[in-house]
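Hi,

Here is the structure I promised to pass on.

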Amino acid sequence: MEQLQKKAGQLEDILAAAGVEKYAFRFVEKQTGEFNAEDEGFTLYRTLFDNDLRLTVFLGGRMGVASGNDLSYAGMQALTESALSAARAAEPDPCRDIAPQEPSAVFRTGCYEPDMDAFFERFRELLSGIRSEYPLIRLSLSMATHVRRHVIYRNANGTTFEKFGGYYELEVEFAANDGENTTGIDFVGLTFTDLDKPLLEQPRLRQHLRDTVAQLHKIPVGEKFTGTVILTPECLAGFLYSLLFSTVTDGVILNGTSLWRDRLDQKVTDEQITLDLPAAHPDNVDPDCFTGDGFRTQDVRLLDHGVLKSHLLGLFVANKTGRPVTKSGGSFLVMAPGEQSLAQIIASTRRGLIVGGFSGGEPEINGEFSGVAKNSFYVEDGQIRGAVMETMISGNLFDLFGHITALSQERVRVGEGLLPYLAAPDIVISGK
């Protein structure tokens with residue numbers, strides 16, 4: 001802790017000596033403890049260390065940026081000169097700026113000091129549990145890590161933010177094999193901050209294992225039809241990020257390609273959808289406490305019963321467009337739950353798919369998408385009939401979110417947020 005603070009002080013001395021009066025920088029000191037295992041047992045334990053410094057300087061309205069991991073005094077001097085060279089070569093732009101002074105703060109999140117012995121025992125318990133409870137599962141690679149970061153942000157306006165954050169992370173790759181059939185590889189990534197319960201009880205891990213075993217005996221979908229897709233929370237996260245990237249982020253607002261650019265306070269999705277980006281949430285193990293521009297994060301409501309309430313704009317694009325800056329890290333989405341249980345949603349589905357994953361390119365500007373539904377199950381007359389062979393789905397992203405059948409009461413914490421199951425009609429489904 002004291003070492004990184006000392007480095008920050010040294011860098012400010014270097015900047016002062018170079019005559020830099022306007023600047024911002026961010027130090028990150030990262031330590032990762034990692035266990036690796038393959039099907040036959042443990043293969044690796046190691047501790048990794050990583051440092052990073054990102055420096056932004058301004059010279060007469062010109063901005064220069066440089067990054068590096070040499071935090072020695074000489075290394076920081078060289079990085080400063082690189083940033084100054086970039087500034088000298090840049091075009092002046094008054095819209096490039098740093099945040100005004102904010103009250104300085106220290107943030108502590110998650111579990112900064114890990115219990116690696118207890119973590120190892122939980123990891124070993126997990127591997128043993130999978131082998132005994134799911135004998136058809138074949139583990140290919142499993143990684144259990146603890147990540148901790150010490151971050152210091154400062155700018156010339158007097159803001160100082162410091163964060164101490166840590167979390168446990170589990171990544172498991174596996175397939176199923178019954179001697180005759182083998183499934184494709186599934187992957188589960190989980191993050192958490194305590195070891196109070198067995199890792200096998202983490203959200204949706206058992207469901208993934210059961211679904212993978214079920215994939216051993218797939219059924220064909222048959223002819224092309226138009227039906228309902230029920231997106232799992234993991235799959236929904238991917239579609240949500242595609243939607244938001246194409247409608248509310250810096251690039252599409254600045255270049256004018258966003259269909260939602262001028263639709264603030266207008267209805268843009270189904271009224272069942274309310275979507276928040278909270279500054280802190282009990283299920284977010286690594287919250288963004290401050291933005292890259294130097295603002296302390298705030299709660300942001302993106303959609304309120306289908307009405308667009310905010311874009312996601314950094315300081316530069318906000319200045320360029322005359323719109324308000326969004327004080328959000330934008331990394332954890334929380335969607336309000338629906339009124340039906342997942343079982344009720346399935347029971348009311350005449351024909352469609354439960355889609356666990358989607359493999360396809362990014363949707364077109366107009367929202368059109370097409371790709372392969374992964375880890376999916378065929379539903380007919382309210383019953384799950386079985387896992388399906390490789391199946392294509394296609395539709396329109398704006399139609400999908402503009403007219404949904406239901407959201408589930410159940411929500412699942414996935415890496416990208418806390419999300420329900422979402423059912424949408426009128427999706428074209430075709431097997432091979």
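Which residue forms a salt bridge with R323? The partner is D262, and the closest N and O atoms of the two are 3.0 Å apart. (A salt bridge here is a side-chain nitrogen of Lys or Arg within 4 Å of a carboxyl oxygen of Asp or Glu.) R323 sits in the loop between helix 7 (315–321) and strand 12 (333–335), and D262 in the loop between helix 6 (250–255) and strand 9 (275–277), so this pair ties together parts that are 61 residues apart in sequence. R323 is buried at 19% relative accessible area, while D262 is exposed at 56%. (Buried means under 20% relative accessible area, exposed over 50%, and partly exposed in between, with a 1.4 Å probe and protein chains only.)

Before the rest, some ground rules. This is a predicted model, where local features need pLDDT of at least 70 and side-chain atom pairs count only at pLDDT 80 or more, while totals for chains, interfaces and linings use all residues. Residues are numbered from 1 along each chain as its sequence is written, and side-chain values use heavy atoms, leaving out hydrogens and water. Helices (H or I, at least four residues) and strands (E, at least two) are DSSP runs, numbered from the N terminus.

The whole structure has 20 salt bridges. One of them joins D265 and K309, at 2.8 Å from N to O. D265 is in the loop between helix 6 and strand 9, and K309 in the loop between strand 11 (307–308) and helix 7, so the two link parts 44 residues apart in sequence. D265 is exposed at 55%; K309 is partly exposed at 39%. There is also a network of salt bridges linking E133, E201 and R206. Within that trio, R206 and E201 have their closest N and O atoms 2.8 Å apart, and E201 is partly exposed at 39% relative accessibility.

Strand 13

Now for strand 13 (residues 351–355): five of its five residues are buried. R351, L353 and V355 are on one side, with G352 and I354 on the other, so both faces are covered. In general, side chains in a regular strand alternate between the two faces of the sheet. Strand 13 runs parallel to strand 8 (residues 225–231), joined by four bridges, and V229 stands opposite L353. (Strands pair if DSSP finds at least two bridges between them.) Another four bridges join strand 13 to strand 16 (residues 377–380), this time antiparallel, with E380 as the bridge partner of R351.
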